[in-house]
Amino acid sequence: MDIILLAYLVIFALFGTAASYFVRYIYAYWVHNTMQVKYIYKAGICIISVVIVSGLIVLFT
């Protein structure tokens, strides 16, 4: 398997995970009326990881 294809797969998974954390945050806010900031932090870590992996793709091509 090509390393670039694997990197794109990781980016896709990280975006999905970040979206899941945002949905959990919105659900907790609307349904339970609590603001759990840990979901925003985890989503931010996923987005930062996407930026890092995208930068590594540029280095490998």
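1. Of the 61 residues in the protein chain, 23% count as buried. This is a predicted model, and the points below should be read with that in mind. The chain exposes about 4,700 Å², and carbon and sulfur atoms supply 74% of that area.

2. The overall form is plain to describe. The secondary structure of the chain comes to 2 helices and 0 strands. Its C-alpha atoms fill a box of roughly 45 × 15 × 10 Å along the principal axes. The radius of gyration is 14 Å, whereas a compact globule of 61 residues would have one near 10 Å.

3. Helix 1 covers residues 3-31. It has 29 residues and reaches 42 Å from its first C-alpha to its last, close to the 42 Å expected at 1.5 Å a residue. Helix 2 covers residues 37-60. Its 24 residues reach 35 Å between the end C-alpha atoms, close to the expected 34 Å.

4. Which residues of helix 1 are buried? They are Ile4, Ala7, Ile11, Leu14, Ala18, Tyr21, Tyr25 and Ala28. These buried residues pack against helix 2. An α-helix has 3.6 residues a turn, so residues three or four places apart point the same way. The list for helix 1 can be read against that rule on the structure above.

5. Helix 2 has its own buried residues: Tyr39, Ala43, Cys46, Val50, Val53 and Ile57. What covers them includes helix 1. Taken with the previous point, the buried residues of helix 1 pack against helix 2, and helix 1 is part of the cover over the buried residues of helix 2.

6. Ile3 is found in helix 1 and is partly exposed, with a relative accessible area of 48%. Ile57, by contrast, is listed among the buried residues of helix 2.

7. The count of aromatic pairs comes to 1. The ring centres of Tyr21 and Tyr39 lie 6.4 Å apart and the ring planes are at 20°, so the pair is stacked; planes under 30 degrees apart count as stacked. Tyr21 lies in helix 1 and Tyr39 in helix 2, so the pair ties together parts that are 18 residues apart in sequence. Both tyrosines are buried.

8. Where does Asn33 lie? It lies in the loop between helix 1 and helix 2. Just after helix 1, Asn33 takes a positive phi of about 55°, and it is a residue other than glycine. Asn33 counts as exposed because its relative accessibility is 63%, and exposed means over 50%.

9. An unreviewed UniProt entry carries the annotation "transmembrane region" for residues 6-27 and 39-60. Such annotations may be inferred rather than shown by experiment. In the model, residues 6-27 are 100% helix and 0% strand, with end C-alpha atoms 32 Å apart. Residues 39-60 are also 100% helix and 0% strand, and their end C-alpha atoms lie 32 Å apart.

Definitions and conventions: Residues numbered from 1 in each chain as written. Predicted model: local features only at pLDDT ≥ 70, side-chain atom pairs only at ≥ 80, totals over all residues. Heavy atoms only, no water. Helix = DSSP H or I, 4+ residues; strand = E, 2+ residues; numbered from the N terminus. Rg over C-alpha atoms; globule rule 2.2 N^0.38 Å. Buried < 20%, exposed > 50% of the residue type's maximum accessible area, 1.4 Å probe, protein only. Areas by Shrake-Rupley, 256 points an atom, 1.4 Å probe, with all protein chains shown as cover. Expected span 1.5 Å × (residues − 1). Contact = heavy atoms within 4.5 Å. Phe/Tyr/Trp six-rings, centres within 6.5 Å; stacked < 30°, edge-to-face > 60°.
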